[in-house]
Amino acid sequence: MAVTFRRDLYGPDHEAFRDTVRAFLAKEVAPHHQSWERNGVVDREVWYSAGRQGLLGPAVDQEYGGGGSDDFRYSAVLIEEFARAGASGLALSLHNDIVGPYLTRLATEEQKRRWLPGFVSGDIVTAIAMTEPGAGSDLQGIRTTATDRGDHYLLNGSKTFISNGILADLVVVVARTTPEGGSAGQSLLVVERGADGFERGRNLAKIGQQAQDTAELFFNDVRVPKENLLGEENRAFTYLMGNLAQERLAIAVGAAAATEEILDITTRYVKEREAFGRPLAKLQHVRFEIAEMATEAAVTRTFLDRCVTEHVAGRLDPVHASMAKWWATELQKRVADRCLQLHGGYGYMSEYRVARAFLDGRIQTIYGGTTEIMKEIIGRSLLG
């Protein structure tokens with residue numbers, strides 16, 4: 001966007017990585033995405049392709065085949081390019097930026113050797129199972145239980161809205177390990193594909209992001225060996241809170257890029273589309289709409305880039321991450337709606353990118369913590 005300041009966030013290595021991501025999207029994703037949307041899931045082969053291109057596990061130590069860099073800007077590049085391509089099916093950011101930190105920071109040496117090489121190659125697709133039918137965003141309300149049985153835990157419960165739920169080979173499950181539960185009584189258990197009693201429900205039908213498999217998961221007396229406890233027992237809530245800032249920043253980065261892309265598409269459209277004998281762009285109302293959205297997008301981009309810089313330096317706090325997530329995702333929702341309106345009847349046609357952006361982006365203000373939760377976090381920090 002011409003109105004956005006020159007970005008100083010990325011260096012030559014990041015931009016070279018961007019070229020790799022764009023080439024991958026053009027060759028491995030774009031030709032197949034419509035088919036994936038019809039099937040409700042991406043082909044497993046694309047995960048192997050992502051691994052071969054070095055797009056999985058950029059923060060994983062080179063010892064296990066990863067990129068060996070904890071520079072979040074590489075993840076930000078990946079997120080931006082996927083958002084601009086409208087490639088909502090392949091959940092690499094979930095794998096890299098949400099599940100990845102739990103494995104790299106909490107796993108024992110034995111666990112790392114067992115899981116990380118496959119995590120990087122695409123042989124192991126991951127998911128994290130927090131949300132439950134009755135708990136939603138309330139992590140303290142989790143009811144799934146893991147009972148200590150000596151050399152293993154007995155896991156019982158269910159999860160819903162789990163991204164990568166159909167494809168996942170390794171699921172990080174949040175479960176109660178004390179009778180009282182709550183924030184002080186939860187642990188992270190890793191459940192692997194094929195475990196007895198671990199069942200996947202239906203691939204949930206969604207209004208958007210239809211190529212992204214989202215499933216219900218059921219755990220019926222699943223024996224989880226003690227060797228699959230991730231981190232320390234009863235400390236899951238602390239771990240979750242520590243990683244949520246990056247998760248929310250990742251969502252915000254994607255939201256800002258998606259906003260810019262759909263605005264660019266709409267700007268081109270109103271220049272070409274005619275009404276009453278002249279281009280839509282000649283109408284004052286249309287110019288004002290574009291001007292307002294472009295200004296909001298530029299301001300958001302400046303704030304987001306600063307948040308990424310703070311995160312790379314280890315200084316991003318939960319409050320600013322919540323601000324970024326709230327503002328960027330709500331902006332994405334508003335811009336998609338306004339851009340659809342500017343497309344007129346064509347905006348309602350699913351073949352047009354703006355229609356898919358409207359539907360795919362709607363979840364952004366919900367997952368990773370709803371807008372209302374983000375405001376509560378910010379409000380508490382200011383008012384106690």
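**Along and around helix H9**

Begin just after H9, where Gly-344 takes a positive phi of about 65 degrees; helices here are DSSP runs of H or I with at least four residues, strands are runs of E with at least two, and both are numbered from the N terminus. The model is a predicted one, in which local features need pLDDT of at least 70 and side-chain atom pairs count only at pLDDT 80 or more, whereas totals for chains, interfaces and linings use all residues. Residues are numbered from 1 along each chain as its sequence is written, and side-chain values use heavy atoms, with hydrogens and water left out.

Within H9, select Glu-330, which counts as buried because its relative accessibility is 15%; buried means under 20% relative accessible area, exposed over 50%, and partly exposed in between, with a 1.4 Å probe and protein chains only. Its side chain makes a polar contact with that of Lys-333 at 3.2 Å (a pair of N or O atoms within 3.5 Å, one able to donate a hydrogen and the other to accept it, where residues adjacent in sequence count only if both atoms are side-chain atoms). Leaving aside neighbours within four places in sequence, Glu-330 is also in contact (heavy atoms within 4.5 Å) with Thr-365 and Thr-371.

Now move to the loop between H9 and H10 and select Gly-347, which counts as buried because its relative accessibility is 0%. Not counting residues up to four places away in sequence, Gly-347 touches Leu-340, Val-354 and Ala-355. Thr-266 is 81 residues from Gly-347 in sequence, yet their C-alpha atoms are 10.0 Å apart in space.

Finally, select Trp-47, Phe-82, Leu-90 and Leu-92, which touch the most other members of the 42-residue largest nonpolar core, a core being a set of buried Ala, Val, Leu, Ile, Met, Phe, Trp, Tyr and Cys residues joined through side-chain atoms within 4.5 Å. H9 is among the helices that each supply at least two residues of this core, as are H1 (12-29) and H3 (45-52). Apart from it lies another core, of 29 residues, including Val-60 and Leu-106.
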